[in-house]
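Subject: Structure handover

Hi,

Here is the structure I promised you. Please open it next to this email; my notes follow below.

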Amino acid sequence: MRQQLLAQAEAVLEEWMKARGEVPTQETIEGFRLLALHRQGARGVPSFNACRETCREIAYHYNLLSGSPEKRDHLERMMGMLVEHLSLFVRGKMEVEGLGEFCCASRPLRQQSAVEEGSDG
Amino acid sequence: MNKYQRVAYYPGCALEGTGHAYNSSTKAVGKALGLELDEVKDWNCCGAMEVKNVDPKVQTYLSSRVMSIAAHEMKAKVVMAPCNGCYHNLKKAEYDLAHDAASRETVDRISKKAGHETYQAGSLETIHALDWIKDGIGEEELKRRLKGSLKGLKVANYYGCMYTRPRHIFPEKDRGAGSESTSQPHFMDDLLAAAGAENVDFPLKTACCGGAHTLSDSDTSTKLVLNILQAAEAAGADVIATECPTCHSGLEMHQVRAEKVLGKKTKVRMLYFTQLLGVALGVSPRKLGVHENASDGISLLKEKQIL
């Protein structure tokens with residue numbers, strides 16, 4: 001299960017890289033490709049670091065799942081939620097990418113509507 | 001005297017609106033702990049997200065004006081901002097003014113035009129409400145002043161994504177033992193544990209709540225918040241402790257929306273960490289604004305026999 005969840009998380013970041021026209025890295029950081037993909041994905045997009053700790057927590061839970069058999073169900077559930085969070089975050093980010101800062105996408109939208117209003121008049 | 005004993009207080013816009021309870025509980029806790037707040041006179045918006053997108057340097061100016069008033073007119077050495085957005089923006093302005101000549105030029109030009117002294121980087125220390133209590137009082141003194149306890153209350157501490165990000169604007173963090181961590185923040189955990197709460201392992205403590213998407217893409221925000229709420233419940237939490245008015249109202253609002261739109265009900269409650277500390281310090285819930293929260297904290301605290 002933990003391999004599956006880690007692969008899902010990597011796939012989410014691969015999609016992010018592909019959408020930006022880049023080749024997803026095969027490198028690893030601290031033994032995790034996920035962390036290398038995150039670093040690659042955040043290059044030039046500082047706000048992408050808002051999912052940095054989520055990626056690190058996924059890696060941490062992956063490691064926890066190599067032991068602690070008595071907590072396996074709980075840890076798998078938490079790891080699943082972390083992957084879900086990463087997926088939601090990146091999905092939302094992909095929707096607004098090209099529209100401006102993640103933390104406020106309004107400026108390019110206003111600029112666009114101003115251009116349209118100008119051409120109407 | 002500890003340098004945090006008396007600080008300039010910058011509540012910011014949110015604490016006069018949706019975060020009113022955070023404002024009143026911060027003041028009440030300060031009073032109970034003997035910490036003093038001098039509100040910055042004639043403060044303005046920090047530039048928040050809106051101005052930053054129009055022109056980041058104007059945002060730097062707006063934050064610098066707040067710091068200029070605190071440093072020059074009030075002669076303060078420390079300014080405390082309880083809102084993560086304000087805290088972040090003041091820290092960012094400080095960093096930009098120390099490292100970017102163009103920002104200094106813009107701030108100086110607008111300050112002169114506005115008729116006040118230009119803020120110079122390094123004149124003031126910006127801290128969060130967590131630093132104020134953690135370093136101004138500390139856990140041991142806090143314990144001595146308790147009149148009650150949060151014993152039996154399981155807490156997921158939620159810091160949000162702006163309290164520690166980006167790392168380079170928080171040079172005082174990640175300095176080893178005793179300092180705050182940007183990857184695993186713990187100041188709120190430490191304070192609430194000192195007040196008797198049981199902190200749960202909560203891996204989404206710095207995850208994005210989709211706050212900025214709240215109006216432009218509500219569904220994504222609702223799903224992000226729902227995941228945070230469900231993770232807190234899975235971790236065994238009764239309550240999520242917050243330290244940011246935007247995160248707090250986002251969690252409350254999208255908890256309701258998740259039930260209405262997605263049919264997903266969660267029971268975990270939200271309380272500001274200052275409300276929880278205030279209860280343990282014997283301050284009345286009304287003074288802490290607990291009744292103002294959308295999330296029903298009163299019944300939870302009664303159920304846990306804390307009230």
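How many salt bridges does the rule find across the interface of domain 1 of chain B and domain 2 of chain B? The count is one. Keep in mind that this is a predicted model.

First, the domains. Chain B is divided into domain 1, residues 6–128, and domain 2, residues 147–303. Their centres, taken over C-alpha atoms, are 24 Å apart. On the domain 1 side 25 residues make contact, and they meet 28 residues of domain 2. About 2100 Å² is buried between the two domains of chain B. Carbon and sulfur atoms give 70% of that area. In domain 1, Tyr22(B), Asn84(B) and His88(B) lose the most area to domain 2. Together they account for 27% of what that side buries.

The rule also finds ten residue pairs in polar contact across this interface. Helices α1 (20–33) and α4 (84–99) of chain B each supply at least two residues of the domain 1 side. α1(B) gives the most, with ten residues.

Next, the sheet. Four strands of chain B form an open, parallel sheet in the order β6-β5-β7-β8. β6 (198–199) and β8 (269–272) of chain B each have a single partner strand, so one side of each has no neighbour in the sheet. Four bridges join β5 (154–158) to β7 (239–242) in chain B. Ala156(B) stands opposite Ile240(B) in β7(B). Helix α11 (273–280) of chain B packs on the sheet and touches β7 and β8. Its direction makes about 75 degrees with that of β8(B).

Best wishes

Methods. Residues numbered from 1 in each chain as written. Chains lettered and ligands numbered in written order. Predicted model: local features only at pLDDT ≥ 70, side-chain atom pairs only at ≥ 80, totals over all residues. Heavy atoms only, no water. Pairing = 2+ DSSP bridges. Contact = heavy atoms within 4.5 Å. Axes fitted to C-alpha atoms, helices over the stretch in contact; angles between N-to-C directions. Domains from an automatic or database assignment. Buried area = accessible area lost by both parts, 1.4 Å probe. Salt bridge = Lys/Arg side-chain N within 4 Å of Asp/Glu carboxyl O. Polar contact = N/O pair within 3.5 Å; in protein donor to acceptor, adjacent residues only side chain to side chain.
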